[in-house]
Amino acid sequence: MTVQDSSCVTAWKQLTPLGHQTFEYIMKSYAGIPFTLDALQAKENVHLSGAELRVGCMTLLGAGLLSSVVKAWGEHLYYVPIPICTELQSILWSEKDVPSYVPQNEIVKEAGGSLVMDIFRTLVFTAKSGIPLTSKGTIHQKVLRKLNALVGFEPEQFARLKLRYPHSDLYTGSIVIVLDMLFALDLIINTGGVWSIQEGQVRRWLNTRSEQLQDQLYTQMVLRYIPPDVWLQQWAIGIVSDSIEQDIWYRVEDVSQLLYLSNRVGLYDERQAEWIEGWLDFLNGTGFMDLILEDSKIIGFRWKLKPDITSAVTSKITSEVTSQVTSKVERVDVASSMPTISSQMLYIQSDFEVLVPPETSLAIRWELEISAENSTYDTMSVYKFSRASIGEALKHGRNSKDILDFLEKYAAGGVPENVESAIKQWGLELGRTQFAEVHMLRCSDDATARTISTYMSNHEAIVLEPIGSKDFIVQLKDIKAMSKILTQMDLSPLDTLDHSIVGFYPEAGLENDWRHRALASSNELKHIDEDVEAEIQGGQRGWIHNGVPIHVYKQSTEIPVAYEELFPGFQEVPAVWWKELRRVHSSTAKSIIEQALIWRTKLRISDKKGEIVDAIPRTIEGENEWKVEITPLDKLTKMWLEEQDIDQIQLLLPTEVTG
């Protein structure tokens with residue numbers, strides 16, 4: 001993202017000097033870690049007063065460079081969204097190129113499989129059969145073993161991150177990372193006894209470019225897996241800066257030295273060094289980078305897939321955390337989200353095998369997964385059609401024509417004649433009869449049934465099959481939409497069944513999807529689907545969060561604008577106290593100092609010799625004879641002033657307040 005294209009850089013340039021100072025202080029003190037205003041003001045700061053920090057934070061909130069959440073009891077937490085941390089780091093600190101490194105005889109540990117593909121395979125599994133839970137709300141061990149087999153990295157590769165999550169004694173495999181991401185991105189939902197996919201969200205995810213998905217995942221990792229440690233956050237953000245390039249080797253020690261010399265962080269300790277090594281190992285396991293090992297210790301890395309988290313759009317806190325990031329769930333725009341021509345090719349062999357190049361889009365792979373059996377996920381993935389795989393597709397609502405239409409559209413060189421004939425034959429053999437799990441809509445009288453039948457005659461996407469004079473068969477996939485229609489008709493059903501139905505494998509949102517065409521034909525159902533998507537805006541849920549869990553709090557958009565909110569009692573304080581430096585009675589001088597301590601603002605003091613100093617007051621002692629401890633801004637060391645040392649005094653409020 002260029003400076004010209006970056007809205008946050010534009011916002012940065014338009015800040016006041018106080019806004020710049022406050023932002024830099026927050027970045028050095030917290031990075032992206034949430035904080036309260038009291039904690040921010042309580043930190044020892046020899047340059048900015050508490051009053052300036054409060055005003056500066058409000059300025060940053062208004063500029064969109066700071067976000068806020070509010071706890072149930074009203075306390076606010078503030079934080080800099082991670083993409084903004086990353087985008088502005090090159091402005092805050094002079095970026096220096098990290099020296100590249102040429103491996104000698106060290107061991108190179110190549111990047112593991114793709115976390116995106118781990119998530120994809122788990123989504124396919126969930127869409128086909130759901131993830132059933134025990135009465136205690138945990139995954140059945142048999143299912144858990146199947147899920148762990150889908151993931152391409154070992155649990156040892158994230159062990160050093162010391163992640164905390166529910167049922168950690170039961171969930172020991174790498175699937176915990178994948179499931180956390182699925183929940184965090186709103187791709188699955190707990191429907192009470194079963195985890196099922198969120199159809200609208202999954203369709204949107206499948207039609208997002210792989211690079212954007214990688215960016216999104218790394219942002220979520222930074223948000224969720226890094227402890228509240230400024231050094232570690234700065235390190236994780238620093239390695240995606242412009243100073244670090246993809247496909248170039250770097251030594252871990254050189255990167256740490258750059259951060260230190262750039263005045264971002266201090267020297268790191270042994271505990272932090274161990275965590276960083278664990279972080280790099282985790283990124284290696286999830287396919288982001290290669291590593292160099294020396295005596296089993298990680299000494300270097302090379303980005304294989306360097307994320308750009310300044311452009312990542314997470315699913316919602318930031319609800320925003322991104323946004324920490326994040327944005328409103330949008331309906332898939334098929335025209336803009338369609339894969340490029342080069343990513344739309346499948347190669348179908350006469351032996352029923354299908355070769356899938358690595359650049360093939362997830363949306364196309366998704367549809368192939370329901371009609372062909374996968375045998376290899378590799379640089380070139382391999383699938384194979386069989387009678388059983390076609391039967392699986394038929395079970396999930398496809399027919400042989402749907403399958404062949406899809407293959408003709410995306411197969412380079414078309415479909416071999418023997419494969420086409422076999423799919424048609426299997427479709428005839430398997431598709432004539434089937435047991436279907438449906439629900440019955442029961443009406444109390446014939447008149448209600450006739451009203452519903454007449455109303456629904458205009459809806460092509462939902463077909464009600466009458467049973468007798470008062471009942472209808474409703475397909476499982478249509479339950480949620482039908483419930484909304486009945487509510488709109490003032491015929492709300494007594495029992496509203498959940499929409500996330502196990503075993504319904506939805507279309508991916510490609511142009512030739514049968515469900516896509518059906519929905520497009522009904523404007524009212526379009527609005528219903530939008531309502532469903534609006535219900536899943538919560539986002540960022542997940543079950544792993546090593547830092548402050550801001551995702552569980554409500555996003556706040558309140559920005560105090562009245563001085564009274566930032567400076568309680570402002571209207572009652574004499575204006576002459578802050579308008580000019582003046583000589584006052586000893587008792588008044590003491591009152592001004594006490595007010596400065598309450599507001600945490602600076603003072604301007606003139607001594608008997610006429611020397612003027614701006615200072616931050618720290619404490620005041622004594623009654624009739626008193627003294628004040630201050631930190632002069634020009635000396636940056638604390639000192640005491642006796643009552644008789646002060647000749648003139650003035651409250652120094654931020655210029656944003658006094659004008």
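Two strands count as paired if DSSP finds at least two bridges between them. Helices (H or I, at least four residues) and strands (E, at least two) are DSSP runs, numbered from the N terminus. The model described here is predicted: local features need pLDDT of at least 70, side-chain atom pairs count only at pLDDT 80 or more, and totals for chains, interfaces and linings use all residues. Residues are numbered from 1 along each chain as its sequence is written, and side-chain values use heavy atoms, with hydrogens and water left out.

An open sheet is built from three strands in the order β2-β1-β17, with antiparallel pairing. Its edge strands, β2 (76-79) and β17 (554-556), each pair on one side only. On average, neighbouring strands of this sheet are turned by 35° against each other, direction ignored. Such angles run from 0 to 180 degrees between N-to-C directions, and the axes are lines fitted to C-alpha atoms, for helices over the stretch in contact. Four bridges pair β1 (residues 67-70) with β2 in the antiparallel sense. Ser68 has Tyr78 in β2 as its bridge partner.

## The five-stranded sheet

A second topic is the open sheet of five strands, whose order is β21-β20-β19-β18-β22 and whose pairing is antiparallel. The edge strands here are β21 (639-642) and β22 (646-652), each pairing on one side only. From one strand to the next, the twist averages 45°. Strands of a sheet pair through backbone hydrogen bonds, either parallel or antiparallel.

Six bridges join β19 (residues 612-621) and β20 (residues 627-632), which pair in the antiparallel sense. Thr619 stands opposite Glu629 in β20. Strands β20 and β21 also run antiparallel and are joined by four bridges, and the bridge partner of Ile630 in β21 is Met639. The hairpin of β20 and β21 has six residues between the strands, and Leu636 in this hairpin takes a positive phi near 60°.

## Helices α2 and α4

Helix α2 (residues 17-29) packs against helix α4 (residues 50-63) at an angle of about 95°, and their axes are 8 Å apart. That makes α2 roughly perpendicular to α4 (angles of 65 to 115 degrees count as roughly perpendicular, under 35 as roughly parallel, over 145 as roughly antiparallel, and the rest as oblique). On the α2 side, the residues that meet α4 are Leu18, Gly19, Thr22, Phe23, Tyr25 and Ile26, and they face Glu52, Leu53, Val55, Gly56, Cys57 and Leu60 in α4. By class, this contact of α2 with α4 has eight nonpolar, three polar and one charged residues. Here Ala, Val, Leu, Ile, Met, Phe, Trp, Tyr, Cys and Pro count as nonpolar, Asp, Glu, Lys and Arg as charged, and the others, Gly among them, as polar.

Leu18 lies in helix α2. At 8% relative accessibility, Leu18 counts as buried (buried means under 20% relative accessible area, exposed over 50%, partly exposed in between, with a 1.4 Å probe and protein chains only). Leu18 and Glu52 are 34 residues apart in sequence, yet 7.2 Å apart in space, C-alpha to C-alpha. Leaving aside neighbours within four places in sequence, Leu18 is in contact (heavy atoms within 4.5 Å) with Leu48, Glu52, Val55, Gly56, Pro654 and Glu656.

## Buried parts and cores

Helix α9 (residues 199-206) is mostly covered, with seven of its eight residues buried. Among these buried residues are Glu199, Arg203 and Trp205.

A nonpolar core is a set of buried Ala, Val, Leu, Ile, Met, Phe, Trp, Tyr and Cys residues joined through side-chain atoms within 4.5 Å. The largest one has 166 residues, and those with the most contacts inside it are Trp205, Tyr218, Trp279, Phe301, Phe385 and Leu407. Helix α6 (residues 115-129) gives the largest share of this core, nine residues. Another core, of 15 residues, lies apart from it and includes Ile462, Leu464, Val474 and Met489. Not counting residues up to four places away in sequence, Leu407 touches Leu346, Ile348, Leu368, Phe385, Val415 and Ile423.

## Positive phi in two loops

Most residues other than glycine have a negative phi, and most peptide bonds are trans. Ala31 is not a glycine, but has a positive phi of about 55°. Ala31 is found in the loop between α2 and α3 (37-42), and at 0% relative accessibility Ala31 counts as buried.

Arg600, also not a glycine, has a positive phi of about 60°. Arg600 lies in the loop between α25 (586-599) and β18 (602-607), and at 33% relative accessibility Arg600 counts as partly exposed.
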